[in-house]
Amino acid sequence: MAQHYDIIGDIHGCNNTLISMLEALGYAKKSDYYQHPNRKVIFVGDFIDRGPLQLETIRTVRAMVAANQAHAVMGNHEFNAIAYITPDKVEGGYLRAHTSRNRRNHRAFLQAMEQHPEQYEDVINWFKTLPLWLDLGNLRIVHACWDQLGIDQISETYSADGLMDEALFIASNDPSKWEFHVVENLLKGKTIKLLNNHTFTDPNGITRDNMRIRWWDNKATTYKSAFMGAARDIEHINDTAIDTEHLIIYEEDEVPLLIGHYWMQDEPALLAPNIACVDYSIAKRNGKLCAYRWDGESKLDSAKFICVPRLES
Ligand SMILES: [Mn+2]
């Protein structure tokens with residue numbers, strides 16, 4: 001029988017909620033990791049930042065991956081964590097600058113590392129083993145956006161299994177390189193610049209002059225209809241036709257794709273018949289952890305989402 005998977009969304013340091021999800025899915029702790037008699041987990045990335053149990057979350061996920069009970073892909077938060085402590089040999093400083101904004105967004109993780117400095121290097125080295133994407137043939141996983149052309153470019157130039165070596169990591173932190181733009185698409189999703197220098201403040205409190213878009217949706221032809229974000233922000237977005245190249249083709253007959261990253265709200269729903277997001281804003285007080293139970297189907301089913309409420313106070 002083909003392997004079936006439970007795809008679990010962004011966890012952001014909420015290990016108690018993660019464990020309640022694993023138990024809800026029928027996993028039990030044997031020796032030092034959670035397992036299920038006939039299923040495995042796929043984690044979509046973003047294990048760290050924001051929540052209170054940073055190292056505990058990493059331990060839970062990592063033990064399952066090491067025991068071959070789970071796969072995990074890289075999220076933008078793991079990518080940023082590596083860049084934050086990687087020296088920039090050309091410009092000096094670090095590949096991700098230690099600005100107050102970057103420090104603030106990384107604070108929960110940095111505090112955990114201050115308490116356990118002996119684990120910092122080991123954790124970062126584990127992040128470096130996370131692939132940018134996972135293609136199982138009948139199921140695909142990426143943190144934010146399946147950019148096939150970009151995946152092909154990385155496969156031809158670096159690694160066909162999406163693993164980042166040092167050269168790819170450095171190039172993907174350099175905005176003058178194609179690698180930067182591909183990795184941005186994969187881990188942060190396609191964005192487009194707003195018209196007329198318009199800005200808005202996103203739910204993270206960050207002022208943005210660009211917006212995340214429904215990159216797969218070929219019916220989304222205006223800024224408003226292509227907007228991917230909080231409902232309260234959409235009213236600030238113009239209903240003007242988009243005049244730049246903005247879509248990334250993912251046809252409805254391609255294999256199912258599971259993503260995280262997008263801070264979805266309300267009841268889980270499919271983004272397309274073959275695309276589902278399992279990130280339902282765990283970091284918010286009323287947020288939840290979401291998963292999709294996949295049993296080999298090529299068309300996804302909105303009845304197969306499962307959610308557990310956030311347990312961390
Ligand atoms: Mn993310």
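Predicted model: local features only at pLDDT ≥ 70, side-chain atom pairs only at ≥ 80, totals over all residues.
I started at the domain boundary and found five residue pairs in polar contact between domain 1 and domain 2, both residues at pLDDT 80 or more. A polar contact here is a pair of N or O atoms within 3.5 Å; within protein, one must be able to donate a hydrogen and the other to accept it, and residues adjacent in sequence count only if both atoms are side-chain atoms.

I number residues from 1 along each chain as its sequence is written, and side-chain values use heavy atoms, with hydrogens and water left out.

Next I checked the bounds. Domain 1 covers 4-189 + 256-309 and domain 2 covers 191-247, going by an automatic or database domain assignment. Their centres, taken over C-alpha atoms, are 24 Å apart. Domain 1 puts 17 residues into the contact and domain 2 puts in 10, with contact meaning heavy atoms within 4.5 Å.

Then I looked up the buried area (accessible area, 1.4 Å probe, that two parts lose on being put together, summed over both). I got about 1,200 Å² between the domains, with 60% from carbon and sulfur atoms.

What about salt bridges between domain 1 and domain 2: how many are there? I found zero, using a side-chain nitrogen of Lys or Arg within 4 Å of a carboxyl oxygen of Asp or Glu. By this rule the count comes to 13 salt bridges. I picked out Arg140 and Glu254, whose side chains meet at 3.1 Å, N to O.

Last stop, the metal. I see Asp46 (OD), Asn76 (OD1), His143 (NE2) and His261 (ND1) as protein donors of the manganese ion, 2.1 to 2.3 Å from it. Donors are N, O and S atoms within 2.8 Å of the metal (3.2 Å for Na, K and Ca); water is not among the atoms, so sites may look incomplete. I noted the donor spacing in sequence as D-x29-N-x66-H-x117-H.
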